[in-house]
Each structure stands twice: as C-alpha cells, then as structure tokens.
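This report describes one protein chain for a reader who is new to structural work. Please keep the sequence and the model in view while reading.

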Amino acid sequence: MTTADFMNSYSIAKVLLNLGFDREFDYLIPPRLRGQIQIGMKVNVPFGKGQSLRGAYVVSLAETSERKDLKTIESICEDHPKIPDKLLELGEWMASYYCCPREYAVRCLLPSAVRSGRVRDKIEIHYFIADEAKAADLIEHAT
C-alpha cells in the first residue's frame, strides 16, 4: 500500500474548533480532498445551526465514526501552515498538565500572525561589490 493509498483510506477527520468545548468533532472528508487532508492542517468546517464556516485543526484521521449525521469539510485553509506532529504532541501535554481545553493549548502553539494567516514570505535584499579590491578596502576600513 502506497502513502497515497493509505491517506485515501481515511474518510473522517477529527478536528478541534476554538470554542472551548474540549472535544473533537468528526467531519466527513469529501472525495475531492481525500489524500490531501493531513493531521495538523487547518480546515474550514460548517458548525452550528446557521452552518457558518469556522476554522478547525485536524488532530487525527479515522476510517469510521460513531456518528451517522456528519457534516463535510468545506476546504483546506491554504494560508495557514500545517502544525508539525511534535508541536501537536506538545499541545496535548500542555492541555493535560495545565488542565485546559486542547483547542486552547493548540492555539497557544501558534503566534497570532500565523493563526490569522497574515504571515508573508520574508524578502531579503543582498548587495555585492563587483570589484574585489574595493570590497577588501571597504571591509578593512569598516573594522
């Protein structure tokens, strides 16, 4: 079985919503997203009677669920980086040790700029002096 086949075998994502319930919610992974959903990803899911979309972090994958009336994941939040497995393990430990809801612990793992999706690639500009003699002279006088 290849990795792609292994990932495609999961049809349920267990997610944490930042609502303070301290429990996972099961969501059906639609066929178009099977094989793409990974643990640590942020996804958009419908929640509540109004079915408003909320961001949620995938904390595990499963083949089945005890619930039969599952809602479907709408999309993957592309602007948000995946939380590494070791960081999720740290969040689990934090929630256990400090007796807080797991979603609060996971929320603390990421800076607010990352949670909001406002992180942009850093641009660095480098200048080089083409004349090696002038470069050596500038370095010598700068010290």
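The sections below go from the whole chain to single residues.

## Basis of the report

The model is predicted: local features need pLDDT of at least 70, side-chain atom pairs count only at pLDDT 80 or more, and totals for chains, interfaces and linings use all residues. Residues are numbered from 1 along each chain as its sequence is written, and side-chain values use heavy atoms, with hydrogens and water left out.

## The chain as a whole

The protein chain has five helices and six strands; helices (H or I, at least four residues) and strands (E, at least two) are DSSP runs, numbered from the N terminus. Read from the N terminus, the order of these elements is α-β-β-β-β-β-β-α-α-α-α. The radius of gyration, taken over C-alpha atoms, is 22 Å, well over the 15 Å that the globule rule gives for 143 residues, so the chain is more spread out than a compact globule. That rule is 2.2 Å times the number of residues to the power 0.38. Along the principal axes, the C-alpha atoms fill a box of roughly 75 × 40 × 35 Å.

Of the 143 residues, 36% are buried. Here, buried means under 20% relative accessible area, exposed means over 50%, and partly exposed lies in between (1.4 Å probe, protein chains only). A contact means heavy atoms within 4.5 Å. Among contacts between residues at least 6 apart in sequence, 61% join residues at least 24 apart.

## One side of helix 3

Which residues of helix 3 are buried? In this helix, which spans residues 102–109, they are R102, E103, A105, V106 and L109. They cover an arc of only 160 degrees around the axis, which puts them on the same side of helix 3. The arc is that of the directions from the helix axis to the C-beta atoms. These buried residues pack against strand 1 (12–17), strand 4 (52–62) and helix 2 (85–98).

## D26 and S65

D26 belongs to strand 2 (residues 25–28) and is buried, with a relative accessible area of 17%. S65 lies in the loop between strand 4 and strand 5 (71–72), and at 13% relative accessibility S65 is buried too. The two side chains make a polar contact of 2.5 Å. A polar contact is a pair of N or O atoms within 3.5 Å; within protein, one must be able to donate a hydrogen and the other to accept it, and residues adjacent in sequence count only if both atoms are side-chain atoms.

The side chain of D26 also has a polar contact of 3.0 Å with the side chain of K14. For S65, a polar atom of the side chain lies 3.1 Å from the backbone nitrogen of R67. Leaving aside residues up to four places away in sequence, S65 touches I12, D26 and L70.

The structure holds six aromatic pairs. Rings of Phe, Tyr and Trp (its six-membered ring) pair if their centres lie within 6.5 Å; planes under 30 degrees apart count as stacked, over 60 as edge-to-face and the rest as tilted. F21 and F25 form an edge-to-face pair, with 6.0 Å centre to centre and 65 degrees between the planes. F21 is partly exposed at 47% relative accessible area, whereas F25 is buried at 12%.

F21 also forms a tilted pair with F47, at 6.3 Å centre to centre and 35 degrees between the planes. F21 lies in the loop between strand 1 and strand 2 and F47 in strand 3 (residues 42–47), so this pair ties together parts that are 26 residues apart in sequence.
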